Amino acid sequence: MASQATRILDEYTWECIVRDIEAVVNTYRRMNKIMSLGLDNRVRLDAIKQMCKDIQPGNDDKRRIIIVDLGAGPGDSISVIANVCKQVSYIVAVDPSPRLLKNVAPSALCDRVVAVAESIPLRSSSVSGVTAFYAARDFKDLGGAVTEMLRILNKGRIAIGDIFLPRGVMRSIAVKTWVCLFVPILALLFAPKQWRHYRGLCKSLRGWLSVEQLCKLIENVASYNRYGVKGLMCRKYVLGGLGYVVAEQE
């Protein structure tokens with residue numbers, strides 16, 4: 001992997017982030033809505049609409065529409081994918097935490113797989129779409145995860161939505177202050193038993209990117225691994241503190 005095309009978390013930091021997320025699973029949805037100023041599902045919905053547009057359903061096993069959701073957590077994106085991507089045949093929820101995946105509602109439409117984004121146990125060119133919502137910040141190796149997303153795609157699309165660090169010093173400081181200071185304070189009010197774990201969110205911002213930088217990273221990774229991408233869409237909300245990227249594989 002080209003060094004300029006990745007962002008890596010050390011093993012200890014990554015394990016701490018996973019443990020913090022596991023500890024707040026009961027308040028995950030409520031606090032996500034507060035953290036995103038109520039826009040968490042809007043970002044998810046808009047990105048999935050872009051990912052699923054023009055997908056043509058198939059009539060046989062070779063043309064089934066399979067969507068993989070990385071960092072699926074408690075499964076907040078599963079129902080949105082199923083409702084928006086009407087053509088979908090199957091959804092694979094991937095997360096490194098068995099504890100989090102237990103919260104994904106059992107369904108004939110969805111399978112749960114314990115794995116990391118940097119090593120997805122699926123065949124190359126086997127799926128139509130890959131999503132990651134509020135999870136990419138927690139990947140150990142972002143470039144490695146994007147490589148895997150492109151590897152398993154069969155001329156489909158990637159959709160990544162998250163908190164971002166916008167370009168511009170003041171905007172970046174504002175996002176860091178919100179996540180590292182105000183969110184733990186709000187958690188003290190709305191999730192008092194878990195508020196300490198929300199202090200760990202700040203770790204996920206180390207070396208994190210803007211929406212534009214993620215677009216460039218995807219281009220770099222695709223070029224380095226000889227995957228073609230087109231139609232990159234970068235959408236920002238709240239001065240760039242929230243957003244999504246959708247990229248189509250050629």
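**Working through the predicted model**

Q: Let us start with L239: is it buried or exposed?
A: L239 is exposed, with a relative accessible area of 60%. The model is a predicted one, and this value was computed from it.

Q: And where is L239 placed?
A: L239 belongs to the loop that runs between β6 (229-237) and β7 (242-249).

Q: What about the phi of L239?
A: Phi of L239 is positive, near 60°, although the residue is something other than glycine. Most residues other than glycine have a negative phi.

Q: Where is K155 found?
A: K155 is part of strand β5, which covers residues 153-163. Its relative accessible area is 58%, so K155 counts as exposed.

Q: Changing topic: how many residues are in the largest nonpolar core?
A: The largest nonpolar core contains 84 residues. Inside this core, L70, F139, L142 and L214 have the most contacts.

Q: Which helix gives the largest share of this core?
A: Helix α9 (residues 211-224) does, with 7 residues. As a general background, nonpolar side chains in soluble globular proteins tend to be buried together.

Q: What is L142 in contact with, leaving aside its neighbours within four places in sequence?
A: With those neighbours set aside, L142 touches T6, R7, A136, W208, L209, L214 and L217. L214 is also listed with L142 among the residues that have the most contacts inside the core.

Q: How many aromatic pairs does the structure hold?
A: There are 3 aromatic pairs. In one of them, the ring centres of Y237 and Y244 are 6.3 Å apart and the planes lie at 45°, so this pair is tilted.

Q: Is Y237 buried or exposed?
A: Y237 counts as buried, at 7% relative accessibility.

Q: What sits over the ring of W14?
A: The charged end of K140 does, 4.4 Å from the centre of the ring.

Q: Now salt bridges: how many does the structure hold?
A: The structure has 12 salt bridges. One of them joins the side chains of D76 and R29, at 2.6 Å from N to O.

Q: With which residue does the side chain of R137 meet in a salt bridge?
A: The partner of R137 is D162, at 2.5 Å from N to O. This pair links distant parts of the chain, 25 residues apart: R137 is in the loop between β4 (127-133) and α6 (142-152), and D162 is in strand β5. Both residues are buried.

Q: And with which residue does E212 form a salt bridge?
A: E212 pairs with R167, and their closest N and O atoms are 3.7 Å apart. E212 lies in helix α9 and R167 in the loop between β5 and α7 (169-190), so the pair ties together parts that are 45 residues apart in sequence. E212 counts as partly exposed at 24% relative accessibility, and R167 is exposed, with a relative accessible area of 56%.

Q: Which residues do salt bridges that share partners join into one network?
A: The network consists of R42, D46 and R235.

Definitions and conventions. Residues numbered from 1 in each chain as written. Predicted model: local features only at pLDDT ≥ 70, side-chain atom pairs only at ≥ 80, totals over all residues. Heavy atoms only, no water. Core = buried A, V, L, I, M, F, W, Y, C linked by side-chain atoms within 4.5 Å. Buried < 20%, exposed > 50% of the residue type's maximum accessible area, 1.4 Å probe, protein only. Helix = DSSP H or I, 4+ residues; strand = E, 2+ residues; numbered from the N terminus. Contact = heavy atoms within 4.5 Å. Phe/Tyr/Trp six-rings, centres within 6.5 Å; stacked < 30°, edge-to-face > 60°. Lys NZ or Arg CZ within 6 Å of the ring centre and 35° of its normal. Salt bridge = Lys/Arg side-chain N within 4 Å of Asp/Glu carboxyl O.
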